[in-house]
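Welcome to my notebook. I have jotted down what I looked up, one entry at a time.

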Amino acid sequence: LYVEHPLGEEQPVELTKPQAHYLFGVMRQAVGGEVALFNGRDGEWRAQITSAGKRGGELLCLEQTAPLMVPPDLWLCFAPIKKARTDFIVEKAAEMGARRIIPMQTEFTNAERIRQDRLQAHAVEAAEQCGGTFVPEVDDLQRMSALLDGWDATRRIMFCDEAKVGEAFDLGAAERGPWAIFIGPEGGFSEPERARLHGLTHAHPVALGPRILRADTAAVAALTLWQKALGD
Ligand code: SAM
C-alpha cells in the first residue's frame, strides 16, 4: 500500500479515509493484520494494523523488507495524446523504470493541459502493482522548446524519429549515465523541432523499425530498448 507518511522503525502511520476504505472495506483486513507499505522514499516496510475504522486507522511499522530501489537516471519526455493512451504511457513508463516522466507540448500536440495529479496517481498505482519501492515524478505539461532551453548537456537523448530508418544508432555501445527518451505526438515532430533535436550534440536519433508506431507503442518499445542496452 502506498502512503505519503515517512516510514521507519516503530513509526506509526495514519491512514486516510480512502486508504481505510480500501484496506478494511475492500481487502477485508482487520486489527492485527499485516500490510506492506511504501512511500517512494523509504523502501518497503512490513506494518501491523493497530486500529481500524470507517474514516481512518493506524498501522505500526515493524521492519524494512526491501530497501529503496532507485532506477537508472532515465527520463521519458513525450507529447501527450488521447487521455487513455497518455494514462497508458505513464503507467508503462513507471513499470519500466523511468525515473521522471515529462509530458511536453510540441508544435503538433493537441493537449492544452493535462491532469498532472491523475497521471501521478497512475504512476503510484503502477509502482504498487509491480512491487517497486520507487515512484517516478510526473511533471506538469511544459513546452518542449522551454525544456530544451534549460537542458543539461550531460543528459543524452534517445530521439525516436521514424524518419531515421536505416540510420542505426548503436545503443549497445552508448555511454551509461543520465538519458532521456523523446517521443513525438500523433502528428510527429515538426521540421524545426526535428532540426533542433538533430542539432544537439548528445541527441541520438533512433528508429524503432520500419513501421510508424503509435506514440504509446513507440514509448514502450523505446523504454524496452533502452533498458536492454543501458538499464541495470
Ligand atoms: N510523424 C508520423 C506521421 O506523420 O505519420 C507519426 C508520428 S508517430 C505516430 C508518434 C511518435 O512515435 C513519433 O514522433 C516518434 O517519436 C515515435 N515513432 C513512431 N514510430 C517510430 C519508428 N518507427 N521509429 C522511431 N520512432 C517512432
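What percentage of the 232 residues in the chain do buried residues make up? I found 31%, counting a residue as buried if 20 or more other C-beta atoms, placed from the backbone, lie within 10 Å of its own.

A note on the source: I am reading a predicted model, where local features need pLDDT of at least 70, side-chain atom pairs count only at pLDDT 80 or more, and totals for chains, interfaces and linings use all residues. Residues are numbered from 1 along each chain as its sequence is written.

Next, I looked up the overall layout. The chain has six helices and eleven strands; these are DSSP runs, with H or I over at least four residues for helices and E over at least two for strands, numbered from the N terminus. Along the principal axes, the C-alpha atoms fill a box of roughly 60 × 35 × 30 Å.

Then I turned to helix α6, residues 215-230. Among the buried residues of α6 I noted Ala215, Ala219 and Trp226. Seen down the axis, the buried residues fall within an arc of 155 degrees (by directions from the helix axis to the C-beta atoms), so they line one face of α6.

Last, I checked the ligand. I counted 18 residues around the ligand, with Cys160, Glu162, Gly184, Gly188 and Ala218 the closest; a residue belongs here if its C-beta atom lies within 6 Å.

Definitions and conventions
Expected span 1.5 Å × (residues − 1). Buried ≥ 20, exposed ≤ 12 C-beta atoms within 10 Å, placed from the backbone.
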